[in-house]
Amino acid sequence: MRQQRPITITGGKLVTPDGVRDAAIRFVDGNIVEIGGEAYDGDLTVDAKGLLVAPGLVDLGVFAIDKPAFHFGGITRAALMPDQSPPLDLPSRISYIAKSGKPDFWVHPLAAASRGMEGREIAELALMRDAGARGVATGRQWIPDSGVMLRLLQYAAMLDMVVIAHAEDAALVCGAVATAGEIATRRGLPSAPAAAESIALARDIALAELANARIHFRQVTTREGLEIVRAAKARGAKVTCGITPAHFMLSDLATVDFRTFARLSPPLRSEDDRHAVREAIADGTIGVIASGHDPRGPEDKRLPFSDAEPGMAGAETLLAMTLSLVRDDVIDMGRAFELVAATPAGILGVDAGVIMEGYEADIVLVDPDKPWVIQSARMEATAGNTPFDGQPTQGRVTAMYKGGVEIDC
């Protein structure tokens, strides 16, 4: 798949690292070659008609590759978690996954931190890095053995690989499906204290500082946990963290009717924690918003709440939910695309997520005001398990280019 003809997009509002501005963009042979110029003779000229011209989204930490859903949501690259069957703990599996989405979608596999995702024996990280792994991940699990976690962080630091960690103390959350509090108690749900997150964060950040390693927490969802990350960043620790839209849009009130679409990992938190997440997005403590895309069919979701599998189909709603933060004056438009594109690309170490000369032409045209209703039955994902089912929203991708080639979205 190669770009056959130079393309110049005019009449749009370019979302760049320097802000949103009226400018044209030109790409040739799959790369951005000029920003702010004019179309050349022979170019295919596309009139954006006032829409946003933004970088393709980079989704950090998905559990399934679902190209129609990603294309719908304007996602051009995704980092795949190692929780697969079989797990991504061998170089051959990493190599296969790294090629699996091309040419119209790039998958960046994350190497399993331990063999079999069991948290005991460190996997062959160097060989998996050479096979295409863009980071190391503990998956949905927390590594309980501090010695193993320290050795993992030291090995990753030596290889200059980021460790993507899950922040919940395993002994405290074993069997829990909800956050301890009034809602869980009234509904009789097995629950774990919100402090399970802060306990895990405190240990892993201390070990990461000891190893001088880069660590990214895929989701930090509690006020106390965010304070720990904020303090670590202030003292210069190499720590970043992310969130999914469910945790800044919803609280545990969404579980009162036992809707299993709201059965997530980590579980939904209190209203106070939800507000803390929004504050952390605003002040920069949270640097990434990811979809956490994990489509689950009826066999996993049409069960009692305690028996249902956690996860949601998030790729199609990621951009719209993030743009809601712009409408609510939590962040501005430039910051929105930093959260869903530039920062995740930087963590993975790929030249993407930013409109910049020399970068690959992964471009989306976005109508930020286009209204639509989220309908689980009509989603492009393999399963439509979204807690936002029936919710009116705004913001849709109207055109998408991967390496300068237009892709149906």
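The model is predicted. Helix α10 spans residues 271-283 and packs against helix α8, residues 223-234. Elsewhere, N385 sits in the loop between β19 and β20.

**Helix α10**
- α10 has 13 residues.
- From first C-alpha to last, α10 reaches 19 Å, close to the 18 Å expected at 1.5 Å a residue.
- Its buried residues are D273, R274, A276, V277, R278, A280 and I281.
- The cover over these buried residues includes α8, β17 (239-243), α9 (245-249), β18 (288-289), α12 (318-327) and α13 (333-348).
- G284 follows α10 and has a positive phi, near 95 degrees.

**Packing of α8 on α10**
- The two helices pack at an angle of about 25 degrees, and their axes are 8 Å apart.
- Angles under 35 degrees count as roughly parallel, so α8 is roughly parallel to α10.
- On the α8 side, R223, L226 and R230 make the contact.
- On the α10 side, the contact uses D272, D273, H275, A276, V277, E279, A280 and D283.
- The contact residues divide into four nonpolar, one polar and six charged.

**Loop residue N385**
- The loop holding N385 runs between β19 (363-373) and β20 (392-402).
- N385 has a relative accessible area of 1%. Buried means under 20%, so N385 is buried.
- Its side chain reaches the backbone oxygen of G311 at 3.0 Å.
- Not counting residues up to four places away in sequence, N385 touches F261, D294, P295, R296, K301, G311, M312 and A313.

Technical notes
Residues numbered from 1 in each chain as written. Predicted model: local features only at pLDDT ≥ 70, side-chain atom pairs only at ≥ 80, totals over all residues. Heavy atoms only, no water. Axes fitted to C-alpha atoms, helices over the stretch in contact; angles between N-to-C directions. Helix = DSSP H or I, 4+ residues; strand = E, 2+ residues; numbered from the N terminus. Parallel < 35°, antiparallel > 145°, perpendicular 65-115°, else oblique. Contact = heavy atoms within 4.5 Å. Nonpolar A, V, L, I, M, F, W, Y, C, P; charged D, E, K, R; others polar. Expected span 1.5 Å × (residues − 1). Buried < 20%, exposed > 50% of the residue type's maximum accessible area, 1.4 Å probe, protein only. Polar contact = N/O pair within 3.5 Å; in protein donor to acceptor, adjacent residues only side chain to side chain.
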